[in-house]
Amino acid sequence: VMGKMKAAQALALDLPLDINKLNFDDLLLIPGIGEKAAAQIVELREKKGALRKIEELMDIEGIKEKRLTALKKYFFIESTRND
């Protein structure tokens, strides 16, 4: 578990965070993500097991290309496979 401090520190240092490891509270630290979007990201992840591409965020209501582009810099997905 990343913990609030680590997520906040990474953001302060402009380091991206693994979207599959962030909890609801960590997601709220991301500029542009409110409670509704954070809850939907957690729900989407639970449904899929894990996100494989950042673009899957567009499955969430209210996240279109422009918002996705703004959010992309905050996230990465740690992958052990090439899909």
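**Close-up views of a predicted model**

K48 is partly exposed, with 37% relative accessible area; partly exposed falls between buried (under 20%) and exposed (over 50%), using a 1.4 Å probe and protein chains only. This is a predicted model, where local features need pLDDT of at least 70, side-chain atom pairs count only at pLDDT 80 or more, and totals for chains, interfaces and linings use all residues. Residues are numbered from 1 along each chain as its sequence is written, and side-chain values use heavy atoms, leaving out hydrogens and water.

**View 1. The whole protein has four helices and two strands.** Helices (H or I, at least four residues) and strands (E, at least two) are DSSP runs, numbered from the N terminus. Their order from the N terminus is α-β-α-α-α-β. Of the 83 residues, 34% are buried.

**View 2. K48 pairs with D59 in a salt bridge.** A salt bridge puts a side-chain nitrogen of Lys or Arg within 4 Å of a carboxyl oxygen of Asp or Glu. Here the closest N and O atoms are 3.4 Å apart. K48 sits in helix α3, and D59 in the loop between α3 and α4 (65–72), 11 residues apart. D59 is exposed, at 52%.

**View 3. E55 and K72 form a salt bridge.** Their closest N and O atoms are 2.9 Å apart. E55 belongs to the loop between α3 and α4, while K72 is in helix α4, 17 residues apart. Both count as partly exposed: E55 has a relative accessible area of 36%, and K72 also has 36%.

**View 4. E78 meets K21 in a salt bridge.** The N to O distance is 3.5 Å. E78 lies in the segment after β2 (75–76) and K21 in the loop between β1 and α2 (24–28), so the pair ties together parts 57 residues apart in sequence. E78 is exposed, at 53%. K21 is partly exposed, at 48%. D18 joins K21 and E78 in a network of salt bridges.

**View 5. P16 touches K73, Y74, F75 and F76.** That list leaves out residues up to four places away in sequence. Contact means heavy atoms within 4.5 Å. P16 is in the loop between α1 (4–12) and β1 (17–18). P16 and F76 are 60 residues apart in sequence, yet their C-alpha atoms are 6.0 Å apart. P16 is partly exposed, at 36%.

**View 6. D14 has a positive phi, near 60°.** Most residues other than glycine have a negative phi. D14 is not glycine. D14 lies in the loop between α1 and β1. D14 is exposed, at 68% relative accessibility.
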